[in-house]
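Colleague: I would like to learn how to read the strands, helices and core of a model. Please take me through one.

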Amino acid sequence: MDNIGVIISLILIFGGLVALFYGSLKGREVDRRIIFLFIFLAVAAPILFPMTFEEKATQVVKSVFDKVENLPEGSTVLLSFDFDPAMAPEVQPMANAISRHCLEKGHKIIFMSLWATGQALLSQSLSESILPGFPEKQNLVDYVSIGYKAGNEGVPNVIITDIQKMFPTDVNSVPLDSIPIFDNIESCKDLDFIVSFGGGKPGPKEWILFVGDPGGVPIGVGVAAVVAPQMYPYLPDQVIGILGGVKGAAEYESELIRVHPKFADMDTPGLLMMGPQTLAHVVIMAFIVIGNVVFFRGRRREKKE
Amino acid sequence: MKKTTFILMAIVSALFLLSWILKAGSLSGETDNYILQGFLVTFSAFLTLSVLSFLYADNPLYKFAEHLFVGVSAAFWMCMGFWTTIVQNLIPRLSDGLSKFFEQQPQPGDYNFFFFIPVILGIMLLMRLSPKGGWISRWPLAFIIGTTAGLNFVRYLRSDFIKQISNTFVPLLGTEWQGIGHFFSNLDLSASGQLVAIAANWVIFLGVFCGLIYFYFSKEHKGAFGAASKVGIWVLMLTFGASFGYTVMGRISLLVGRITFLFRDWLEIIS
């Protein structure tokens with residue numbers, strides 16, 4: 001049924017593109033709403049009839065994966081959910097995958113957020129995606145959420161020297177000095193690894209500027225696709241690796257399943273999203289080609305006249 | 001109100017009610033507060049479709065969704081700031097009575113007189129709302145701008161300038177160069193091989209060098225200088241192309257997220 005749906009969708013989309021191309025060559029204008037409709041079809045069809053592709057982790061993603069994989073058991077990792085619902089579809093899958101990986105490897109996780117909206121998304125991730133797979137993990141012992149604090153880049157600037165100064169309690173008002181995870185953790189310099197998920201300000205860049213560089217703490221970033229090119233100049237000295245957009249999430253999920261087969265049945269939104277991504281990109285490229293062909297044909301005709 | 005607008009609003013309201021009833025019905029076996037859940041899912045779908053309707057043309061439904069988003073966002077950030085920073089960080093350090101009122105547990109040694117300074121600065125900032133005392137808010141604003149500029153100046157200078165220059169000084173023969181004979185006898189074409197590492201370092205070096213030449217305007221771009229400048233343009237174009245590609249991927253991801261919500265949570269046509 002799925003295969004038939006995929007075939008019918010592809011025939012509809014590419015048949016429509018050919019018809020548009022023919023119409024454009026005849027001089028008919030293409031309304032921008034037609035383009036929106038094609039993008040909608042290209043995204044909706046693979047959601048209704050799932051198309052999946054094999055993903056292989058690239059070096060920038062594998063660096064983050066290997067760091068989590070090779071840290072000794074009991075290491076302390078800080079995961080910062082610095083995003084809002086608008087960024088969530090591309091950033092939340094990678095945040096969930098890395099959280100699962102850390103728990104599987106027995107690392108202690110400190111969850112936090114530099115965005116007010118991140119705290120709610122963090123709670124959602126914990127209750128719906130991360131913790132159901134790890135019923136044996138205990139709050140305050142294996143993981144803790146210290147929530148959100150206002151102050152933008154001022155927050156990492158303070159916790160690089162003293163976490164309790166900015167976060168006296170966790171998200172449930174439990175004093176930090178009574179939480180076992182913080183027994184040997186005074187500042188961010190005592191952490192073994194930090195991963196910031198986001199794409200705005202404050203976000204991954206602020207973690208590099210205010211914690212990674214001055215404190216010498218290894219930083220990994222999971223960013224919205226729009227921001228990914230801005231992160232590459234920091235590779236490999238200032239950030240260990242980059243998960244760029246949903247492609248980065250898909251690669252991490254794929255690597256996680258390959259190395260830890262117990263996650264084969266976990267939800268993999270990153271991998272599932274690569275179907276709509278691929279088809280939508282093909283449609284956009286087709287429109288670029290159609291536009292250029294029509295443009296150059298029209299210019300040649302004008303020159304002849 | 002025009003007659004067509006009135007009819008459109010009536011149709012939208014009727015569809016909203018119908019969706020609410022159907023959604024609440026489908027959730028009735030799963031949760032106790034199914035009427036509220038049904039409303040929330042329907043309202044989320046309504047807002048999603050209202051925003052997407054802007055792709056067709058500007059309309060009152062889009063404007064409603066936009067204004068609601070701005071208002072709710074501002075209120076949400078303000079409430080979160082109050083409860084997580086003022087209540088959790090400030091009040092336990094200033095007053096036992098207020099701490100008890102907000103159900104916070106002040107720790108021994110928490111009291112700190114200097115925390116009155118941000119309180120005073122905060123009140124001065126709110127003077128902006130007063131027509132005659134607006135000038136008072138300029139002092140805390142100057143403090144905010146000054147400290148932020150000072151903090152960022154040092155960090156950006158270190159991470160985005162000095163470290164970036166240092167990162168550009170890459171070994172053009174790679175870090176594992178042991179002579180030409182060794183290089184050819186152990187030639188490795190894989191992505192992690194020495195040849196690719198050397199090529200990557202050359203791309204960084206030439207990309208930065210030619211990019212800088214393009215932005216050097218004190219000499220006419222002719223001859224070898226002009227050729228390097230042209231390479232610089234190509235480097236810039238490739239960078240913009242990569243950024244555009246990533247941007248497309250990001251936007252499509254957002255659309256996937258919304259369509260998945262509509263199909264799964266609202267219409268329940270996928271699992």
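**Reading the sheet and its surroundings**

Modeller: Start with a strand pair: strand β5 (residues 219–223) of chain A pairs with β6(A) in the parallel sense over three bridges. Two strands count as paired if DSSP finds at least two bridges between them. Helices (H or I, at least four residues) and strands (E, at least two) are DSSP runs, numbered from the N terminus. This is a predicted model: local features need pLDDT of at least 70, side-chain atom pairs count only at pLDDT 80 or more, and totals for chains, interfaces and linings use all residues. Residues are numbered from 1 along each chain as its sequence is written, while chains are lettered from A and ligands numbered from 1 in the order in which they are written.

Colleague: What is the bridge partner of G222(A) in β6(A)?

Modeller: L243(A). G222(A) is also the bridge partner of F197(A). Strand β4 (residues 193–198) of chain A runs parallel to β5(A), joined by five bridges.

Colleague: In what order do the six strands form the open sheet?

Modeller: In general, strands of a sheet pair through backbone hydrogen bonds, either parallel or antiparallel. Here the order is β3-β2-β1-β4-β5-β6 in chain A, with parallel pairing. The edge strands, β3 (143–148) and β6 (242–244) of chain A, each pair on one side only.

Colleague: Is β5(A) mostly covered or uncovered?

Modeller: A residue is buried if 20 or more other C-beta atoms lie within 10 Å of its own, exposed if 12 or fewer, and partly exposed in between; C-beta atoms are placed from the backbone. β5(A) is mostly covered, with five of its five residues buried. I219(A), V221(A) and V223(A) lie on one side, G220(A) and G222(A) on the other.

Colleague: Which residues touch the most other members of the largest nonpolar core?

Modeller: Nonpolar side chains tend to be buried together in soluble globular proteins. A nonpolar core is a set of buried Ala, Val, Leu, Ile, Met, Phe, Trp, Tyr and Cys residues joined through C-beta atoms within 7 Å. This one has 89 residues; V43(A), L79(A), M94(A), I98(A), F111(A), I194(A) and Y252(A) touch the most other members. Helix α4 (residues 88–104) of chain A gives the largest share, eight residues.

Colleague: What does I98(A) touch?

Modeller: Contact means C-beta atoms, placed from the backbone, within 7 Å. Not counting residues up to four places away in sequence, I98(A) touches V68(A), L79(A), V195(A), G222(A) and Y252(A).

How values were computed: Two residues are in contact if their C-beta atoms, placed from the backbone, lie within 7 Å.
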